[in-house]
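The sequence and the model are shown first.

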Amino acid sequence: MATALRDNSPSPLDNHAAVLVLCHIMADELFRLRGNTGRHRLTEVEDMHHLLGEI
């Protein structure tokens, strides 16, 4: 994964968005590497969020 992120904005909102993008990229790569096991685990977590009424 050779993705470079640069954030030179003075706005805290932009900094927050950059962190979320980085987390998304890392999570996607992790689930890609884990294959079906990763997708199954993510499905379990999402099902539990729905069951508990969480976002």
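Arg32 and Glu29 are about one helical turn from each other, because they stand 3 residues apart in helix H1. In this predicted model, the two residues form a salt bridge, with 2.7 Å between the closest N and O atoms. Side chains of opposite charge can pair when their charged atoms come close. Arg32 has a relative accessibility of 54%, above the 50% limit, and therefore counts as exposed. Glu29, at 24% relative accessibility, counts as partly exposed.

How many salt bridges does the structure hold? The number is 2. Besides the pair already described, Glu44 forms a salt bridge with Arg41, and their closest N and O atoms are 3.4 Å apart. Glu44 and Arg41 also belong to helix H1, where 3 residues, or about one turn of the helix, separate them. Glu44 has a relative accessible area of 36% and is thus partly exposed. The table lists both pairs.

| Salt bridge | Closest N and O atoms |
|---|---|
| Arg32 and Glu29 | 2.7 Å |
| Glu44 and Arg41 | 3.4 Å |

The secondary structure consists of 1 helix and 0 strands. Helix H1 covers residues 12–52 and includes Leu51. Is Leu51 buried or exposed? With a relative accessibility of 67%, Leu51 lies over the 50% cut-off, so this residue counts as exposed. Leu51 is also one of the members of a nonpolar surface patch, which Met48 and Leu52 complete. Together, Met48, Leu51 and Leu52 have about 340 Å² of accessible area.

Of the 55 residues in the protein, 4% are buried.

Technical notes
Residues numbered from 1 in each chain as written. Predicted model: local features only at pLDDT ≥ 70, side-chain atom pairs only at ≥ 80, totals over all residues. Heavy atoms only, no water. Helix = DSSP H or I, 4+ residues; strand = E, 2+ residues; numbered from the N terminus. Buried < 20%, exposed > 50% of the residue type's maximum accessible area, 1.4 Å probe, protein only. Patch = residues over 30% accessible without salt bridge, like charges linked within 9 Å, V, L, I, M, F, W, Y side chains within 5 Å. Areas by Shrake-Rupley, 256 points an atom, 1.4 Å probe, with all protein chains shown as cover. Salt bridge = Lys/Arg side-chain N within 4 Å of Asp/Glu carboxyl O.
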